[in-house]
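Subject: Structure for your review

Dear colleague,

Please find below the structure that I am handing over to you.

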Amino acid sequence: MRCTRRDAASRRRALEAGATVGVVSRWRVHERDGWTCHICGDPVDRIAKAPALNAPVLDHVIPLARGGEHSEANIKTAHFYCNSVKRDLEHGWSAAA
């Protein structure tokens, strides 16, 4: 039930941003990415829940705020912390920023 609510909230947010919305499976994305954060390259904690810093979350590579779509092709696994720091930057972030 919890995943269904999160998925519905993600779709609703994408639609509000005017993005194209596709079917997204959190589990399939995490498995595809090997449960590894695409931003820092470290593994995510499979059982952690946000707001734990190392919890797995979905990151829009091209942010919805910048015209990205809500589809598995535009979503990758990230740590809650890394995704929070990245915000809506399209090309990621660096420690120097």
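Rings of Phe, Tyr and Trp (its six-membered ring) pair if their centres lie within 6.5 Å; planes under 30 degrees apart count as stacked, over 60 as edge-to-face and the rest as tilted. This is a predicted model, in which local features need pLDDT of at least 70 and side-chain atom pairs count only at pLDDT 80 or more, while totals for chains, interfaces and linings use all residues. Residues are numbered from 1 along each chain as its sequence is written, and side-chain values use heavy atoms, with hydrogens and water left out.

Under the ring rule, the count is one aromatic pair. The rings of Trp-27 and Trp-35 have centres 5.2 Å apart and planes at 70°, so this pair is edge-to-face. Trp-27 is exposed, at 54% relative accessibility, whereas Trp-35 is buried, at 6%. Here, buried means under 20% relative accessible area, exposed over 50%, and partly exposed in between (1.4 Å probe, protein chains only).

Trp-35 also belongs to the largest nonpolar core, together with Cys-37, Val-44, Val-57, Ala-78 and Cys-82. Such a core is a set of buried Ala, Val, Leu, Ile, Met, Phe, Trp, Tyr and Cys residues joined through side-chain atoms within 4.5 Å.

Helices (H or I, at least four residues) and strands (E, at least two) are DSSP runs, numbered from the N terminus. Strand β1 runs antiparallel to strand β2 (residues 75-79), and five bridges join them; two strands pair if DSSP finds at least two bridges between them. Leu-58 has Thr-77 in β2 as its bridge partner.

Leu-58 is also touched by Arg-26, a residue of helix α2 (residues 26-32). Contact means heavy atoms within 4.5 Å. Arg-26 and Leu-58 are 32 residues apart in sequence, and their C-alpha atoms are 7.2 Å apart. Arg-26 is buried, with a relative accessible area of 16%.

Yours sincerely

Conventions:
Lists of a residue's contacts leave out its neighbours within four places in sequence.
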